[in-house]
Amino acid sequence: ATDTVGGGADGTVSITPTTVPGDTLDISVTDADLAGSGSIIVTVVNDVTGESETITLTEDAGNPGTFNGSVATTFGATAGTNDDGTFNTQSGDTVTVTYNDALTASGGTAAPTATDTVGGGADGTVSITPTTVPGDTLDISVTDADLAGSGSIIVTVVNDVTGESES
């Protein structure tokens, strides 16, 4: 007697293909083997900084076997805190999601990936009181859409004549 063991279905994964810091990364996995599971977990990594986020994807009730989720990004030149729900990204970074498919069509396992490429953000501007005399207050303004929501920033002002600086 011969028993033939069949495989499952090949799972696929996708992520928003291009973003700028501040965008939300949309992530989707489709795997018919998991229809009715409710949720799955994927790992998303900033390939440049090594920051990692574990994301729970929720099954689409109208499309069994399809799981969706997202993760926020913010501008950051270095890795943020792992698993805090927000990625630090900057232009030139790549962010990769990996789905571990436990049962493929051939009966094996696979780890399909998808990658987001982070592009440049908006150019920022700085303005300062153009003319002053000793004792005047300097008004400084920084506008940069990439830093929206990041709270305070530190600006350093340098006296071109004396070299004195203040932050």
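A nonpolar core is a set of buried Ala, Val, Leu, Ile, Met, Phe, Trp, Tyr and Cys residues joined through side-chain atoms within 4.5 Å, where buried means under 20% relative accessible area with a 1.4 Å probe, counting protein chains only. Welcome to a predicted model, in which local features need pLDDT of at least 70, side-chain atom pairs count only at pLDDT 80 or more, and totals for chains, interfaces and linings use all residues. Residues are numbered from 1 along each chain as its sequence is written, and side-chain values use heavy atoms, leaving out hydrogens and water.

**Overall build**
- You will find 13 strands and zero helices here; strands are DSSP runs of E with at least two residues, helices are runs of H or I with at least four, and both are numbered from the N terminus.
- With a radius of gyration of 23 Å, well over the 15 Å that the globule rule gives for 167 residues, the chain is more spread out than a compact globule; the radius is taken over C-alpha atoms, and the rule is 2.2 Å times the number of residues to the power 0.38.
- The C-alpha trace spans about 100 × 30 × 20 Å along its principal axes.

- Buried residues account for 25% of the 167 in the chain.
- Leaving aside neighbours within four places in sequence, I15 touches residues including I27, V44 and V97.

Key
Buried means under 20% relative accessible area, exposed over 50%, partly exposed in between (1.4 Å probe, protein chains only). Contact means heavy atoms within 4.5 Å.
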